[in-house]
Amino acid sequence: MAKKPKPAGLPTRQQILDFIETTDTPAGKREIARAFGLTAQDKIALKALLKDMADEGLIDSAPGRAFHKMGGLPKVTVLRIVDADDSGTIWAVPERWEAEGVPEPRLRVRERSKKSALGVGDRILARTEEAGNGWIAHPMKKLERGEALMLGVLHEEGGKFWLQGIEKKERRDFPVSDTGGASVGDLVLAEKAGRPPRMTARVTQRLGDPFEARSFSLIAIHKHSIPNVFSDELIEEAGRVAKQPLGEREDLRHLPIVAIDPADARDHDDAVWAAPDDDPSNPGGWRAIVAIADVSFYVRPGSLLDKEARRRGNSVYFPDRVVPMLPEILSADVCSLKEGQDRAAMACHFRVSKDGKLSDWRFTRAVIRVAANIAYEDAQAAIDAHQAKIKSVRIERSRDTQPDAQRVSTSLETNGDLVEAALLPLWNCWAALSKARDAREPLDLDLPERRIVLDEKGRILSVAPRERLDAHRLIEDYMIAANVCAAKALEAKKAPVMYRIHEPPSREKLVALKDYLETFDVPFALGQVVRPATFNHVLKRIGDSDFKPQVMEQVLRTQTQAYYGPANHGHFGLALGSYAHFTSPIRRYADLVVHRSLVSAYRLGEGGLSADDAENMERVGEVISTLERRAMEAERETVDRYVAAYLSEHVGQVMEARITGVASFGFFATVDGVGGDGLVPARDLGTEYFRYDEKSQALVGDDSGDRFVSGQHLQLRLVEANPVSGALRFELPDGKGSAGGGRDDRRRGGPKRVIKHRGRPANIKHQGKRRK
């Protein structure tokens, strides 16, 4: 049969192939027709031609109905980052690859900008380019990880399975096409498919019971793709390097060095020592040593341990577990500075003048033997008891504190009177360091940190603010001093520095703070040179006013986010010109980089900074800064889930609360002394219309003039506490807008219901069907 004549305007097969390969946008039928100026009649013929080319194996189609050369890649497609090699090169693979008999290609990612570093597991929309025998990807857009996968709880309703997402912002459930063997009530990882409003979910992995003790951190681990399992090969390497001899080192085992840490610390990577300086050039001054675990001795550049540590970036700390950066044999054993054990350390030696100035810093590889591992509370109790004894002052103590003071003081005295030999010199030297800190006036925000107390089975005993002691401040100031010495030492050696950078606030944020403070009649001049002391003076003027906590939170929001990088921009919050993280290499990759640079600069042996890392410090800094933000978000979300679980037993009760934020759709509040962040929707404030005043961050009633403003204390009833998402919801005590309060339930998405998990109430009240 003779072939039909080709319409005059229709492109040839080769022209179509050339266009698909050269265009920078997805090449669908519409784009091809537009490129060749085809008429409506030509488009009908084009559709048939494209089908013939697909049948002939010349082209294939990608999701979204774009075409690409058969056996190749779409010009624009979604890729998944799978690796980053030692040179910093990022590698990706197609998220979907269905070409039979053709191996999945690996693409080298050429980043357009270094502002948002890509990490393993990230998804990008990218333009692909064939180069020689390989492929290059040019990122166009970084996609949310959750666009493909989501965490949720499986439940059944109306004879069908549904997936309720764990995200607070997820306001609807998804019908489940495949349960993957999971049961109702299971926490699952699922793949979303389709487009709104016809989206479905397919379960890909069952994670277990979301309401079991210790599940909340597991949710964060999977949600944020945090690596939490070490390969057998990597554990084997860790065991091998842990056995290597310490080598030739400065011997500091004769010094009464002590490690002061939280009572529940899982690793001990810093220890401290101080003594009066007998050098006439430093009258009234001190000699001090901050000894840090010598992780660079065990984790060498380019090793499996190094690659895994960089992939993790840092340890992640949850109330019930830690996801370590290094295998346990290193993080909790060989590199952990344990009492009575010989340990490899990087020692920072420095002098402190009587007014707190640092001088004569140097770094050595040393062997130390920690005299005692002491909890903050015990160190504080011991020093208080000893000082009271010396001054012959009778101090009345609580039943909880006095036994600790007696026990620790006795314990330390049996070890050579370490209270006098170690703690008192540390406290006296710290008095000098405190003078220097007060003189430079760093940012002083006394915002409470929540402490989740669990029993041995992981059940919540209490949620309360963490106590802040002088012992905490002492260790912080010694660590800051060592970090300053590390940065300045590397600068003097003209060696690469991985700085910890905190830039001053932007003018836009300062303007917003000025407008906010005006609502409290607190002046804030924009023409001045802004220093940390500027904010401290504002807080001092406020004194003990009721609105001080929210002003501190607003000042915190005004600050920029700290990050790592090789270009020094100072540390605004600490009021320091040069600052680098040196004191926690067990749990932070940034500190390991600083250690390696010191090893190279001071010629301290093997394990120094590699040439590749020295040349790519900016890229390394971007990656570990991104991983740090991931860890912080995961930790914060997990605490929210624990708080919600704790409060789920109190649903229906009226609680003392404080408004933490106001928006046009309602206000957020936190429970006094416990925490959590819950919403009171504006629709629940009654029939009156409330307007949002952006300048004062308040909701104001049109008729009554009632105001709900950030920082306001009030009583609220808890109506929802969801441990899986960490979400809370409150209402006013009189029940305005609540079920049974006269509002139309259809406006609220249906009546309230209680999820039952495996036949038992879960104490999680939430809105009904939200799929519309």
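The structure holds 34 salt bridges, a salt bridge being a side-chain nitrogen of Lys or Arg within 4 Å of a carboxyl oxygen of Asp or Glu. This is a predicted model, in which local features need pLDDT of at least 70 and side-chain atom pairs count only at pLDDT 80 or more, while totals for chains, interfaces and linings use all residues. Residues are numbered from 1 along each chain as its sequence is written, and side-chain values use heavy atoms, with hydrogens and water left out.

| D613 | R310 | 2.6 Å |

The D613 and R310 side chains meet in a salt bridge. This pair links distant parts of the chain, 303 residues apart, with D613 in helix α17 (residues 611–615) and R310 in helix α7 (residues 304–312). Helices (H or I, at least four residues) and strands (E, at least two) are DSSP runs, numbered from the N terminus. D613 counts as buried because its relative accessibility is 5%, and R310 is buried too, at 18%. Buried means under 20% relative accessible area, exposed over 50%, and partly exposed in between, with a 1.4 Å probe and protein chains only.

R729 is buried at 7% relative accessible area, and D684 is buried at 0%. Salt bridges with shared partners join D251, R253, D342 and R369 into one network.

On the surface, K29, R30, R34, K43 and K47 gather in a patch of positive charge. Patches are made of residues with over 30% relative accessible area and no salt bridge, like charges being joined within 9 Å. Helix α2 gives the largest share of the patch, three residues. R34 is found in α2 and counts as exposed because its relative accessibility is 57%.

Helix α12 (residues 470–492) has 23 residues and reaches 33 Å from its first C-alpha to its last, close to the 33 Å expected at 1.5 Å a residue; the expected span is 1.5 Å times one less than the number of residues. Of the 23 residues in α12, 17 are buried.

How values were computed. Patches are made of residues with over 30% relative accessible area and no salt bridge: like charges are joined within 9 Å, nonpolar side chains (Val, Leu, Ile, Met, Phe, Trp, Tyr) within 5 Å. Accessible areas come from the Shrake-Rupley method with a 1.4 Å probe; for residues, only the protein chains shown count as cover. Lys and Arg count as positive and Asp and Glu as negative; His and the chain ends are not counted. The place of a charge is taken as NZ of Lys, CZ of Arg, CG of Asp or CD of Glu.
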